[in-house]
Amino acid sequence: MALTLPRVSRTRLAVTAAATAVLAVGAPAAYASLDTDTHASGTTTTTQVSRGDAYTETRLLFGTERPHGGPDVTDKQFMKFIDDEVTPSFPDGLTVQDGRGQWRDSNGKIERERSYELILLYPTSQAHKRDALIEDIRKDYVKEYAQDSVARLDDRVRVDF
């Protein structure tokens with residue numbers, strides 16, 4: 001037994017199917033055109049908007065409590081460390097932010113402490129040279145203030161001053 005649809009329903013079904021096909025084919029092309037430029041010559045190129053220059057952003061996280069006891073690192077001590085150990089290697093600028101951190105120690109205990117975040121920006125072309133300077137900063141802080149470690153995060157960014 002054949003099922004027959006009324007003429008209006010068949011027309012709606014055909015229009016709906018055609019609209020769906022146009023959308024399925026046209027949507028990806030429309031989105032792709034957002035990333036392309038068509039030149040007067042008829043050639044099409046893909047463009048990506050990027051502003052600024054290639055830089056590396058390094059963030060260092062410094063704790064202030066001494067794991068084996070002793071007084072916490074003070075603001076005055078930390079800023080002296082920045083002046084003496086960091087600024088000579090990064091004289092063009094840096095940012096220091098106050099923070100509160102927590103981490104799990106080797107015994108499984110959650111430790112909370114006042115901390116500092118140091119943000120350094122430098123041209124990516126200098127990353128190899130700057131890496132050694134940053135590692136010296138980390139080692140010096142660990143040694144001078146009896147720390148277990150100084151965390152380091154690196155990311156490539158675009159910078160426009």
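Biologist: Which strand order does the open sheet of four strands have?

Modeller: The open sheet runs β4-β5-β3-β6, and its four strands pair in the antiparallel sense. β4 and β6 are the edge strands, each with a single partner, so one side of each has no neighbour in the sheet. On average, neighbouring strands here are turned by 30 degrees against each other, direction ignored. Two strands pair if DSSP finds at least two bridges between them. Helices (H or I, at least four residues) and strands (E, at least two) are DSSP runs, numbered from the N terminus.

Biologist: Before we go on, what kind of model is this?

Modeller: This is a predicted model, in which local features need pLDDT of at least 70 and side-chain atom pairs count only at pLDDT 80 or more, while totals for chains, interfaces and linings use all residues. Residues are numbered from 1 along each chain as its sequence is written, and side-chain values use heavy atoms, with hydrogens and water left out.

Biologist: How many helices and strands does the protein chain have?

Modeller: There are three helices and six strands in the protein chain, following the pattern α-β-β-β-α-β-β-α-β along the sequence.

Biologist: Let's look at pairing. How many bridges join β3 to β6?

Modeller: Nine bridges join β3 to β6 (residues 151–159), and the two run antiparallel. Glu57 has Asp155 as its bridge partner in β6, and Thr58 has Asp154. β3 also pairs with β5, again antiparallel, over nine bridges; there, Glu57 stands opposite Leu121.

Biologist: Which strands does α2 touch when packing on the sheet?

Modeller: A contact means heavy atoms within 4.5 Å. By that rule α2 touches β3, β4 and β5, and its direction makes about 25 degrees with that of β5. α3 lies across β3, β5 and β6, at about 10 degrees to β3. For such angles, axes are lines fitted to C-alpha atoms, for helices over the stretch in contact, and the angles run from 0 to 180 degrees between N-to-C directions.

Biologist: Which residues of α2 are buried?

Modeller: First, the general idea: an α-helix has 3.6 residues a turn, so residues three or four places apart point the same way. Buried means under 20% relative accessible area, exposed over 50%, and partly exposed in between (1.4 Å probe, protein chains only). In α2 the buried residues are Phe78, Phe81, Ile82 and Val86. They lie on the same side of α2 because they cover an arc of only 100 degrees around the axis; the arc is that of the directions from the helix axis to the C-beta atoms. These buried residues pack against β3, β4, β5 and α3.

Biologist: Which residues touch the most other members of the largest nonpolar core?

Modeller: In soluble globular proteins, nonpolar side chains tend to be buried together. A nonpolar core is a set of buried Ala, Val, Leu, Ile, Met, Phe, Trp, Tyr and Cys residues joined through side-chain atoms within 4.5 Å. The largest one here has 17 residues, and Phe62, Val86 and Tyr141 touch the most other members. β3 (53–63), α2 (75–86), β5 (110–123) and α3 (127–144) each supply at least two residues of this core. Not counting residues up to four places away in sequence, the contacts of Phe62 include Phe78, Phe81, Ile137, Tyr141 and Val150.

Biologist: And is Gly99 buried or partly exposed?

Modeller: Gly99 counts as partly exposed because its relative accessibility is 22%. Gly99 lies in β4 (residues 95–104) and touches Glu113, Arg114 and Ser115, not counting residues up to four places away in sequence.
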